[in-house]
Amino acid sequence: MFSRAIRRFSVLLAGAALLPLPAFAHAILTGSTPAPGGTVKPGHQTLDFQYNSKIDHKRSRLTLTGPDGKPVVLRIAPTSAANALDAEADLTPGAYTLRWQALALDGHITRGDVPFTVSAP
Ligand SMILES: [Cu+2]
C-alpha cells in the first residue's frame, strides 16, 4: 500500500540519520593566511592553510597564480602541521589566487580558491 511505502521510507531516513560520522572527514579549509579576500605585504611571505583533518602533504597541492597569470606550484613545507599546508612565496603587488587541493586521510580530495591581494610597498 502507498502508506506502507511512505512508512518504510521514513524508517530508512531515520536509519540514515543514525549512521555514525566517518572517523576522518574530507578536508575543509578552516582558516588561512592570507585569509580569503585578505591583503598581505609584498616580499617573502609564508602562506598557511589549515584544515579540519589531517592532510597527506605529499599528495596535496598549492598552486599560486599572480598578476602575470601564470600558475606556479608551490613547494609544501615539510614543517607544515599535520592538518595544514604551508608554503613560502616571494610576492609582488597585485591580485593573486591560491588554489589548494588537499588529500585527506579518508582518501577524498577537496579543492578551493583563496583570492588575496598583495599591497603596494
Ligand atoms: Cu571525505
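**Strands, core and copper site of a predicted model**

Strands β4 and β5 pair in the antiparallel sense, with four bridges between them; two strands count as paired if DSSP finds at least two bridges between them. In this pairing Thr63 faces Val73 of β5. The model is a predicted one, in which local features need pLDDT of at least 70 and side-chain atom pairs count only at pLDDT 80 or more, while totals for chains, interfaces and linings use all residues. Residues are numbered from 1 along each chain as its sequence is written, and side-chain values use heavy atoms, with hydrogens and water left out.

Of the 121 residues in the protein, 31% are buried. Buried means under 20% relative accessible area, exposed means over 50%, and partly exposed lies in between (1.4 Å probe, protein chains only). The protein exposes about 7,900 Å², of which carbon and sulfur atoms supply 61%; accessible areas come from the Shrake-Rupley method with a 1.4 Å probe, and for residues only the protein chains shown count as cover. Among contacts between residues at least 6 apart in sequence, 65% join residues at least 24 apart, where contact means heavy atoms within 4.5 Å.

Strands β4 and β5 belong to an open sheet of five strands, which has the order β2-β8-β7-β4-β5 and mixed pairing. At the edges stand β2 (39-40) and β5 (71-74), each with a single partner strand, so one side of each has no neighbour in the sheet. Another pairing joins β3 and β6, which run in the antiparallel sense over eight bridges. Within it, Gln50 is placed opposite Ala84 in β6. Strand β6 is largely enclosed by the rest of the structure, because six of its eight residues are buried.

For Leu98, contacts beyond four places in sequence include Leu47, Phe49, Leu62, Leu64, Leu74, Val114 and Phe116.

A pair of aromatic rings is described by the distance of the centres and the angle of the planes. Rings of Phe, Tyr and Trp (its six-membered ring) pair if their centres lie within 6.5 Å; planes under 30 degrees apart count as stacked, over 60 as edge-to-face and the rest as tilted. By this rule there are two aromatic pairs. The pair of Tyr51 and Trp100 is edge-to-face, because the ring centres are 5.1 Å apart and the planes stand at 70°. This pair links distant parts of the chain, with Tyr51 in strand β3 and Trp100 in strand β7, 49 residues apart. Both Tyr51 and Trp100 are buried. The rings of Tyr96 and Phe116 are stacked, because their centres lie 5.4 Å apart and their planes are at 15°. Tyr96 in strand β7 and Phe116 in strand β8 are 20 residues apart, and both are buried.

The model also holds a copper ion, coordinated by His26 (ND1), Asp106 (OD) and His108 (ND1) at 1.9 to 2.2 Å. Donors are N, O and S atoms within 2.8 Å of the metal (3.2 Å for Na, K and Ca); water is not among the atoms, so sites may look incomplete. In sequence the donor residues follow the spacing H-x79-D-x1-H. His26 lies in the loop between α1 (2-17) and β1 (29-33), and His108 in the loop between β7 (94-103) and β8 (109-118), 82 residues apart. Both histidines are partly exposed, His26 with a relative accessible area of 36% and His108 with 40%. Beyond its neighbours within four places in sequence, His26 is in contact with Asn52, Ser53, Ala104, Asp106, His108 and Thr110. The C-alpha atoms of His26 and Asn52 are 8.2 Å apart, although 26 residues separate the two along the chain. Ser53 lies in the loop between β3 and β4 and is buried, at 10% relative accessibility. Not counting residues up to four places away, Ser53 touches Ala25, His26, Ala27, Ala82, Asn83 and Ala104.

How values were computed:
Helix = DSSP H or I, 4+ residues; strand = E, 2+ residues; numbered from the N terminus.
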